[in-house]
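Let's take a walk through a protein model together. Have a look at it first, and then we'll pick out a few spots.

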Amino acid sequence: MHSYRLTHLKELESESIHILREVAAQFERPAQLFSGGKDSIVCFHLARKAFFPARVPFPLVHIDTGHNFEETMVFRDALVKEHGATLIVGSVQESIDTGRVQEETGYYASRNKLQTVTLLDTIEKHKIDCAIGGGRRDEEKARAKERVFSHRDEFGSWDPKNQRPELWDLYNGRKRPGEHFRAFPISNWTEMDVWQYILLERIPIPSIYFSHEREVFDRDGVTYANSPFMRLKPEEKPYMKRVRFRTIGDMSCTGAVDSPASTLEEIIEEVASSRVTERGSRMDDKRSEAAMEDRKKEGYF
Amino acid sequence: MSGYLDMDLLRFTTAGSVDDGKSTLIGRLLYDTKQIFEDQLEAVERASAKRGSGEVDLSLLTDGLRAEREQGITIDVAYRYFATPKRKFIIADTPGHIQYTRNMVTGASTANLAIILVDARKGILEQTCRHSFIASLLGIPHVVFCINKMDLVDYDEATFTRIQKELEDFSSKLEVRDLSFIPISALKGDNVVERSTRMPWYQGPTLMYLLENIHIAGDHNHIDRRFPVQYVVRPMTEAWHDFRGFAGRVAGGVFRKGDPVQVLPGGLRSSIKGILIGEHEVEECFAPQSAVITLEDEIDISRGDMLVSPNNLPETSQDIDVMLCWFNERPLQPGGRYALRHTGREARCVVKEVKYRMDINTLHKAEDPTIRMNDIGRVLLRSAVPLHFDRYARNRSTGSLILIDEATHETVAAGMIV
């Protein structure tokens with residue numbers, strides 16, 4: 001006798017596949033935002049399942065700050081090649097060069113905030129009507145209220161007080177010309193679910209998620225990878241250390257964790273016993289209590 | 001380590017009136033199951049200190065948006081996650097005040113279980129009735145009434161028993177399969193995760209025990225075969241030259257290879273040639289799995305169509321009798337036209353008749369039939385094309401629909417087919 005019961009991972013997978021198919025069915029020119037981080041990798045893996053044996057019917061979009069981990073770029077290019085995906089790159093450097101945005105200066109300069117303009121320009125240029133993102137509601141409190149199909153006005157803005165009710169698995173993707181949507185297929189996944197699923201499905205991820213020796217420096221209690229993009233204060237001295245990254249963002253705002261975890265099993269054990277959220281190591285969220293909410297209203301990921 | 005392969009998923013919603021301590025309860029569940037991280041706790045400690053509240057305010061853990069933090073209330077559905085070794089939980093945390101009832105309906109639509117908070121000092125309020133009715137209307141299989149703030153009534157058994165009796169009387173008018181009552185103090189932690197030592201008269205489970213052990217596998221319909229087609233997969237590659245697969249999420253029943261199926265609309269019959277889940281060929285699929293089904297015969301099928309069992313057909317009609325929850329500032333227009341979305345199908349519809357508006361505090365028909373924001377009413381819709389549906393009480397997926405304003409594209413109503 002079969003029990004017809006799904007594990008939590010299989011139920012989440014099924015929900016995400018349903019969402020990805022709704023996006024493909026309801027929009028003319030959807031695209032998936034791809035950072036090379038684990039969440040976007042899992043999203044792409046789910047998209048491959050959703051449309052198998054056909055190819056994923058939308059391109060990947062990478063908003064490139066120019067401050068990338070080399071390992072992530074190698075990984076991205078290999079993935080695109082292996083699966084015959086189409087890749088669109090939106091360059092923050094180009095936005096700076098053409099005067100669309102101004103580079104921040106000082107020790108804390110980051111291109112993280114500038115990405116929003118590049119993202120919205122890329123969406124407009126390629127007439128993308130739905131940008132699929134790997135955002136999860138457990139990441140941050142402003143994200144906890146995000147819809148799966150999230151409406152953006154013609155300025156790309158999010159209005160948290162005026163979101164459409166979203167019931168059952170009926171998603172409303174209707175919009176006026178010039179408006180677009182963001183869709184979040186893994187909204188209901190937690191960091192732990194993502195890691196367990198990566199292990200279950202044996203999904204390849206960039207090497208910097210695993211423990212490795214790297215040149216780092218410390219700032220405000222966070223360890224950062226040293227790179228030509230970082231301007232060090234006189235008292236900040238780079239040194240070698242075994243670290244890994246819990247999230248992958250722009251090099252200028254992604255902190256490393258002191259960790260010997262070199263397998264998926266070890267990472268899961270580490271995440272399970274961790275006492276700090278993954279965004280705890282992100283400089284971009286530390287700017288103020290409502291940092292993420294403000295960026296999201298402007299059109300951030 | 002391998003435990004996660006046996007975990008299942010429980011979705012629940014929390015409802016209560018303003019100041020019932022709902023945020024504190026959720027904060028308590030997260031805190032006592034050790035789901036709170038140091039940086040989150042530090043942020044809450046900072047915020048508590050800024051407000052001048054003496055002890056750490058657990059409710060701040062769940063107050064998301066800035067406007068809410070400033071006003072100290074919850075204005076939109078927020079989703080929270082936690083897990084124990086047995087289960088992963090998704091909480092739809094919905095606001096209690098009247099003007100945001102639409103959010104409770106939203107949160108309830110996907111829930112297996114509802115927690116309804118009642119203040120032990122106040123007993124049943126208008127909103128308690130409203131929340132219980134919505135839970136019943138939205139077909140939530142399990143409802144747990146938490147009689148909260150027991151610490152403020154000296155953990156008095158008689159108070160709890162009196163409120164339980166009142167709730168039982170009221171709930172007899174509703175259709176809920178499974179009711180539970182637990183005396184708690186979210187603030188002090190009694191009977192939430194840890195068993196209370198201050199209420200020895202209470203012999204039932206703690207809230208956490210109930211959440212971890214309640215039987216939910218039976219919440220899906222595994223009887224009536226329903227497969228709404230969402231998307232047609234056509235690889236058109238050399239390896240998969242003639243492949244034409246129908247992608248969808250099983251809405252009811254179990255589909256097996258070789259099973260006879262009937263295609264709606266049209267009624268043509270075929271049988272199942274193959275089933276794919278992701279890249280894996282499987283023998284059967286069941287609700288709520290996402291799958292791709294191929295048929296033995298070439299039949300023209302597109303999004304919005306449905307594969308069903310030939311001996312167990314859904315109803316087919318253009319006249320749809322629904323209970324509607326209205327979400328928009330502009331009231332429902334009798335005779336008005338809206339876009340209707342049901343499974344993967346979108347059709348225009350007209351409001352043929354407003355049968356009545358429900359007074360959800362008395363559960364009687366109201367005198368004024370105008371259906372305004374946050375109202376619930378019985379309405380007859382006429383759709384431009386026939387829909388294939390089941391009653392909502394039988395199937396929450398093929399029995400539900402939403403209405404969309406054709407000018408603004410806003411979702412204006414949720415409908416449960418009667």
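Here is a short tour of a chain contact, a residue and a barrel.

First, some ground rules: this is a predicted model, where local features need pLDDT of at least 70 and side-chain atom pairs count only at pLDDT 80 or more, while totals for chains, interfaces and linings use all residues. Residues are numbered from 1 along each chain as its sequence is written, and chains are lettered from A and ligands numbered from 1 in the order in which they are written.

Let's start where the chains meet. On chain B, 63 residues are in contact with 49 residues of chain A (in contact means that the C-beta atoms, placed from the backbone, lie within 7 Å). Strand β2 of chain B, residues 78–83, gives the largest share of chain B's side, five residues (strands are DSSP runs of E, at least two residues, and helices are runs of H or I, at least four, numbered from the N terminus). That side of chain B has 32 nonpolar, 15 polar and 16 charged residues. Here Ala, Val, Leu, Ile, Met, Phe, Trp, Tyr, Cys and Pro count as nonpolar, Asp, Glu, Lys and Arg as charged, and the others, Gly among them, as polar.

Now find Pro185(A), in the loop between β6 (180–183) and α6 (191–201) of chain A. Pro185(A) is 142 residues from Cys43(A) in sequence, yet their C-alpha atoms are 7.2 Å apart.

Finally, chain A has a closed barrel of four strands, β7-β8-β10-β9, with antiparallel pairing (two strands pair if DSSP finds at least two bridges between them). Within chain A, β7 (residues 212–219) and β8 (residues 222–225) pair over four bridges, and Arg219(A) stands opposite Val222(A) in β8(A).

Methods
Contact = placed C-beta atoms within 7 Å.
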